[in-house]
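Dear colleague,

Please find below the structure that I am handing over to you. My notes on what was found in it follow.

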Amino acid sequence: MLKAKICKGEASVIEASGSVTELMADVAVLVSGIYNQFLAASPDTAAMFRTGITNLVKDENGPMWRPVDGQKGIIFPKNN
């Protein structure tokens, strides 16, 4: 389960519960949903989103893998 509020200029609040596998699946559903909405509206925008997300994940020193200032969160891990 993922629950997030991310607003520019405000602290992000993220809650997550589940196993690593469940959380990866949740993230995949989220990214897929955004991508497919872009795809329905503009295939070019969808392609840019896909390329950007792919590059963010691959960049080991990129912003995806660093904490965000002011971000708060809680995770309830479960064993598989």
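**Findings**

Glu-10 is partly exposed, with a relative accessible area of 46% (partly exposed lies between buried, under 20% relative accessible area, and exposed, over 50%, with a 1.4 Å probe and protein chains only). The side chains of Glu-10 and Lys-5 form a salt bridge with an N to O distance of 3.5 Å, the term meaning a side-chain nitrogen of Lys or Arg within 4 Å of a carboxyl oxygen of Asp or Glu. The structure contains one salt bridge.

Please note that this is a predicted model, in which local features need pLDDT of at least 70 and side-chain atom pairs count only at pLDDT 80 or more, while totals for chains, interfaces and linings use all residues. Residues are numbered from 1 along each chain as its sequence is written, and side-chain values use heavy atoms, with hydrogens and water left out.

The chain has two helices and three strands, arranged along the sequence as β-β-α-α-β; these are DSSP runs numbered from the N terminus, helices being H or I of at least four residues and strands E of at least two. Of its 80 residues, 10% count as buried.

Leu-23 lies in helix H1, residues 20–41, and counts as buried at 13% relative accessibility. Beyond its neighbours within four places in sequence, Leu-23 is in contact (heavy atoms within 4.5 Å) with Met-1, Leu-2, Ala-16, Ser-17, Gly-18 and Ile-75. Leu-23 and Met-1 are 22 residues apart in sequence, with 6.8 Å between their C-alpha atoms.

Yours sincerely
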